[in-house]
Amino acid sequence: MKKIMIPANKVQSEFSVKKSRFISMVFPVENDMEVRSKLKELRVEHPSSRHVVWSYVLGDAGTLYGLSDDGEPHGTAGRPALEVLKGSGLTYVALFVIRYFGGTKLGTGGLVSAYTQAAQDVLALVNSVEKIEYSKYSLSCSYAQYEGVKAILLENKALDCVEDFSEGVTISGKVPRRNIEDCRRDVKNFSQGSIEINIVEEE
């Protein structure tokens, strides 16, 4: 299965050409609504900027795209930025380029070059991480089985474990979706079939 790579956090870069400032930002995002929310924030933060160009790539396969030239000549801003973004191998990512006009027009070729550089510069700073899909689970075991079960859960990268100790032990949390079948098998073998991992829901 191909890994889903996303930006680890926000990054920013800036350069100038013919007195126009290009401020580039990359954000991890979950959906297009979050992209538009970031856009509104940036317009408030940069009220005197001439353009806020944006593009995004979404979906586990990285096949959902969006872009805007935001008033720049068609195809000179959002499209070149998106092409660089698509070539990065990242998904669930939004790229914004804020331009403060310097008084000198760059021409269509100059704009394409500037927005391409803006995208390349900021993406070079991105640290990427794998996006992990989790399944929520719960199980019940005896006190005697607890240490062994807990070790199996940790070996399978379980997170957010909540433990309830009463007559027996109830454990709930989340485990990487790709590990759930191995986790089920290991717990079943350890307990000789007496413990069943229940999947509560997937996120």
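**Loops, helices and rings**

Modeller: Let us begin with a single residue, bearing in mind that the model is predicted. Asn179 has a relative accessibility of 16%, which is under the 20% limit, and therefore counts as buried. Asn179 belongs to the loop that joins strand 10 (169–176) to helix 5 (180–190).

Colleague: Which residues does Asn179 contact, apart from its neighbours within four places in sequence?

Modeller: Asn179 is in contact with Asn156 and Lys157, once those neighbours are left aside. Lys157 sits in the loop between helix 4 (143–155) and strand 9 (159–165). Whereas Asn179 is buried, Lys157 is exposed because its relative accessibility is 55%.

Colleague: How should I read the phi angle of a residue in such a loop?

Modeller: The general idea is that most residues other than glycine have a negative phi. Lys157 has a phi near 65°, a positive value in a residue that is not glycine. Gln192 likewise is not a glycine, and its phi is positive at about 55°. Gln192 is placed in the loop between helix 5 and strand 11 (198–202).

Colleague: Is Gln192 buried or exposed?

Modeller: Gln192 is exposed, since its relative accessible area is 75%.

Colleague: How does one describe the packing of two helices?

Modeller: Two packed helices are described by the angle between their axes and the distance between the axes. Here the axes of helix 4 and helix 5 come within 10 Å and cross at roughly 160°. Because that angle is over 145 degrees, helix 4 is roughly antiparallel to helix 5. The crossing of helix 4 with helix 5 is right-handed.

Colleague: Which residues make the contact between helix 4 and helix 5?

Modeller: Helix 4 contributes Gln145, Gly148, Val149, Ile152 and Leu153, while helix 5 contributes Cys183, Asp186, Val187 and Phe190. By class, the residues of this contact comprise 6 nonpolar, 2 polar and 1 charged.

Colleague: Let us turn to the aromatic rings. How many aromatic pairs does the structure hold?

Modeller: The structure holds 6 aromatic pairs. Phe27 and Phe96 are both buried.

Colleague: What is the geometry of the pair formed by Tyr146 and Phe165?

Modeller: The ring centres of Tyr146 and Phe165 are 5.3 Å apart and their planes are at 70°, so this pair is edge-to-face. The pair joins distant parts of the chain: Tyr146 lies in helix 4 and Phe165 in strand 9, 19 residues apart. Tyr146 is buried because its relative accessibility is 13%, whereas Phe165, at 40%, counts as partly exposed.

Colleague: Which residues form an aromatic cluster with Phe22?

Modeller: Phe15 and Tyr115 form one aromatic cluster with Phe22. Phe22 and Ser49 are 27 residues apart in sequence, and their C-alpha atoms are 9.7 Å apart in space.

Colleague: Where is Ser49 found, and which residues does Ser49 touch?

Modeller: Ser49 is in the loop between helix 1 (32–45) and strand 4 (51–58). Not counting residues up to four places away in sequence, Ser49 touches Ile98, Arg99 and Tyr100. Ser49 counts as buried because its relative accessible area is 14%.

Notes. Residues numbered from 1 in each chain as written. Predicted model: local features only at pLDDT ≥ 70, side-chain atom pairs only at ≥ 80, totals over all residues. Heavy atoms only, no water. Helix = DSSP H or I, 4+ residues; strand = E, 2+ residues; numbered from the N terminus. Buried < 20%, exposed > 50% of the residue type's maximum accessible area, 1.4 Å probe, protein only. Contact = heavy atoms within 4.5 Å. Axes fitted to C-alpha atoms, helices over the stretch in contact; angles between N-to-C directions. Parallel < 35°, antiparallel > 145°, perpendicular 65-115°, else oblique. Left-handed = near helix turned anticlockwise from the far one by under 90°. Nonpolar A, V, L, I, M, F, W, Y, C, P; charged D, E, K, R; others polar. Phe/Tyr/Trp six-rings, centres within 6.5 Å; stacked < 30°, edge-to-face > 60°.
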